[in-house]
Amino acid sequence: MLIAFGASAQQNSKTLVVYFSASGVTASVAKQISEAAKADLYEITPKVKYSSADLNWRDKQSRSSVEMADKSTRPEMAENISSMDQYDTIYIGFPIWWNVAPHIINTFIEANKLEGKTIIPFATSGGSSITNSVKDLRKTYPNLNIKDGQLLNYPSQSEIENFIK
């Protein structure tokens with residue numbers, strides 16, 4: 001679902017902030033990045049939203065646990081962005097699940113032509129770093145220009161500004 005598409009950004013924007021957020025933490029960071037970078041904003045929304053029970057990582061039978069146990073899982077998105085061609089730089093944000101990006105991030109990447117674009121991951125996490133997520137994305141998509149990215153847990157405005165520089 002397209003969340004924000006400002007008039008001036010729509011005409012000149014070459015930057016897009018894409019994010020998946022299960023609890024709202026990553027959404028908040030994505031909105032900060034979008035505002036600071038004067039970028040368009042797009043939320044990756046699963047076709048079937050995650051409930052609290054789905055997100056219970058302690059339950060090996062929960063939806064998120066089952067999805068993350070199978071690397072081939074690609075949760076369906078409610079819809080996809082329509083015009084990726086206009087963007088050169090794409091920030092992709094997500095919460096870290098099981099030390100990597102949730103598989104709906106793979107769904108998004110595989111549904112869009114991202115070759116030739118600069119991809120900058122950012123993540124939120126209660127205890128993991130972004131390092132393994134970036135390594136996994138680079139291994140899965142070796143033809144994409146995926147930068148190191150950054151973990152951004154409740155960042156200050158100056159941390160956001162330093163990140164987009």
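Helices (H or I, at least four residues) and strands (E, at least two) are DSSP runs, numbered from the N terminus. Keep that in mind for the tour. This is a predicted model: local features need pLDDT of at least 70, side-chain atom pairs count only at pLDDT 80 or more, and totals for chains, interfaces and linings use all residues. Residues are numbered from 1 along each chain as its sequence is written, and side-chain values use heavy atoms, with hydrogens and water left out.

**Stop 1: the loop at glycine 127**

Select glycine 127. It sits in the loop between strand 5 and helix 5 (131–140). Buried or exposed? Glycine 127 is exposed, at 73% relative accessible area. The cut-offs are these: buried is under 20% relative accessible area, exposed is over 50%, and partly exposed lies in between (1.4 Å probe, protein chains only).

**Stop 2: helix 5**

Move on to helix 5. Color Ser133, Val134, Asp136 and Leu137, which are buried. They cover an arc of only 165° around the axis, so they are on the same side of helix 5. The arc is that of the directions from the helix axis to the C-beta atoms. Next, select Lys135 and Lys139. These exposed residues are on the face turned away from the buried side of helix 5.

What covers the buried residues of helix 5? The cover includes strand 4, helix 4 (103–111), strand 5 and strand 6 (145–146). Contact here means heavy atoms within 4.5 Å.

**Stop 3: helix 2**

Select residues 25–37, which form helix 2.

Color Thr26, Ala27, Val29, Ala30, Ile33 and Ser34, the buried residues of helix 2. Seen down the axis, they fall within an arc of 165°, so they line one face of the helix. Their cover includes strand 2 (15–19), strand 3 (40–43), strand 4 (89–95), strand 5 (118–124) and helix 6 (157–164). Then step past the end of helix 2. Lysine 38 follows, and its phi is positive, near 50°.

**Stop 4: threonine 26**

Go back to threonine 26 in helix 2. It counts as buried because its relative accessibility is 2%. Which residues touch threonine 26, leaving aside neighbours within four places in sequence? They are Tyr19, Phe20, Ser21, Gly93, Phe94, Pro95, Phe122 and Thr124.

Show the side chains of threonine 26 and threonine 124. They make a polar contact at 2.6 Å. A polar contact is a pair of N or O atoms within 3.5 Å; within protein, one must be able to donate a hydrogen and the other to accept it, and residues adjacent in sequence count only if both atoms are side-chain atoms. Last, select leucine 152. It is 126 residues from threonine 26 along the chain, yet their C-alpha atoms are separated by 8.6 Å.

**Stop 5: the whole chain**

Zoom out. The protein chain has 6 helices and 7 strands. From the N terminus on, they run β-α-β-α-β-α-β-α-β-α-β-β-α. Of the 165 residues, 47% count as buried. Among contacts between residues at least 6 apart in sequence, 78% join residues at least 24 apart.
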